[in-house]
Amino acid sequence: MCNVYYLTPKQARRFLLLKHGLLGAKKFSGKTGVLDFIKQAGCIQFDPIDICGKNAELTLQSRVKGFSKSMLYELLYQDRKLVDYPDKNLSIFAVEDWPYFARYREAAKESGKQFAGMETLKAYVKDYIEENGPVSSDTLPVNGQLYWHSAIHWSGNWHGQTSAARAVLEQLYSTGELVIHHREGVRKFYDLSFRHINTELLSMPDPFLEEEAHIKWRLYRRIGAVGLMWNRPSDAWLNIWGMRAAQRAAAFQVLLDEGKLLKIEVQGIKETLFCQSTDLDLLKAACSERRFSKQCVLMAPLDPLLWDRRLIDSLFGFRYKWEIYTPVEQRKFGYYTLPVLYGEEFFGRVEIVRESGTNSLEIRHFWPEKKLTSTFCKAFEQCLRRFAKFNTCENIVWM
């Protein structure tokens, strides 16, 4: 029989923030903290757009004490303790999770067979890279265009025509035969996987032969990423192939039966929520009378805490939409706005641009949603100074 824990909305909010290291003293620090948080979350989303830091960097700077962009780059492309590969869309996760995505690499291999001559082209490209080293689509000597369709599972999620060089590199990346060697801005340079990932790890079989076991693992991982989740459709489940409502419900039930999940009933929320049973101590801390110091941080648009925005609205009363793909005339706020978290509340959102020409951090707009106390204003000012340092900006300019 599964125990049910009854929480107030305040306790539920505190639990989530403690889980993410966003309330009380920082629990993640330095490069070790980067690894610890990514392993806790399972993955963080990568997005190449860089207005004031890329999404993955923004996710980490809000939690990891002393974080710098070079830490993530080193862990990805020098230390090779992390890898960028599709998970919740294009993501970053610990390299030891590589075997768990074997079925996706096999699916990509099967999809690639739909292209006449792809195997010959792949062999040529691998030989070329082995002899000449890492390449980008601009430096690979392959000419021509290639047309693809939705049956091909490449990381870019694009459709139509692209250069044959780009297509074959994406195909080899999707099948796991290539990894990203490094990035220069938005350009990706690829190299052979065996040069950067332990061959034993590369050859490990899929740990889950049954689809149900794979779905259960991924669902449990996503619950841990957000902290609290409900059994309903959600962006938090993105890219878990094959998971429909029935499979999701079955996975929840098995995890409950195994004692890996706890049921949470939150006052005022109709749906039952769930957390990982390993978070019981955090749950107790959130329900205690302890007082936690407040943090003021800027959150990433695709932060794991925000993966289910309806849940955040229900618990925090904060409605956030990333308006980057919203037509200009329909935007309520801005192209790239960051939520502002202070203590246990979202105080609003801010539009910030790193202006490299003047080495300035420009605060374009700030939309408060709470009463601006002197305590908040002081904390927000300190937050912006840390954010400027994170972006290596010397000046902060309010526009």
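Student: What volume does the largest cavity have?
Tutor: About 50 Å³. Keep in mind that this is a predicted model.

Student: OK, pockets now. How much space lies in the second largest pocket?
Tutor: About 470 Å³. Its lining has 19 residues, and Gln-61, Val-64, Gly-66, Arg-386 and Phe-387 are the ones nearest the centre of the pocket.

Student: Which element gives the largest share of that pocket's lining?
Tutor: Helix 13, with seven residues. Strand 4 (64–65) and strand 14 (296–298) also supply at least two each.

Student: How does the lining of the second largest pocket divide by class?
Tutor: Eight residues are nonpolar, six polar and five charged.

Student: Switching to helix 12: which residues are buried there?
Tutor: Leu-311, Ile-312, Leu-315 and Phe-316, in a helix that covers residues 309–316. Seen down the axis, the buried residues fall within an arc of 100°, so they line one face of helix 12.

Student: What do those buried residues pack against?
Tutor: Several elements, including helix 1 (9–19), helix 9 (211–226) and strand 16 (345–355).

Student: And what's at the start of helix 12?
Tutor: A side-chain oxygen of Asp-308 comes to within 3.3 Å of the backbone nitrogen of Arg-310.

Student: What follows helix 12?
Tutor: Gly-317, with a positive phi near 65°.

Conventions. Residues numbered from 1 in each chain as written. Predicted model: local features only at pLDDT ≥ 70, side-chain atom pairs only at ≥ 80, totals over all residues. Heavy atoms only, no water. Buried < 20%, exposed > 50% of the residue type's maximum accessible area, 1.4 Å probe, protein only. Helix = DSSP H or I, 4+ residues; strand = E, 2+ residues; numbered from the N terminus. Arc of directions from axis to C-beta. Contact = heavy atoms within 4.5 Å. Polar contact = N/O pair within 3.5 Å; in protein donor to acceptor, adjacent residues only side chain to side chain. 1 Å grid on protein atoms, 1.4 Å probe; cavity = no way out; pocket = protein on both sides within 12 Å on 5 of 7 lines; lining within 4 Å. Points joined across faces, edges and corners; volume = space filled by probe spheres on them. Nonpolar A, V, L, I, M, F, W, Y, C, P; charged D, E, K, R; others polar.
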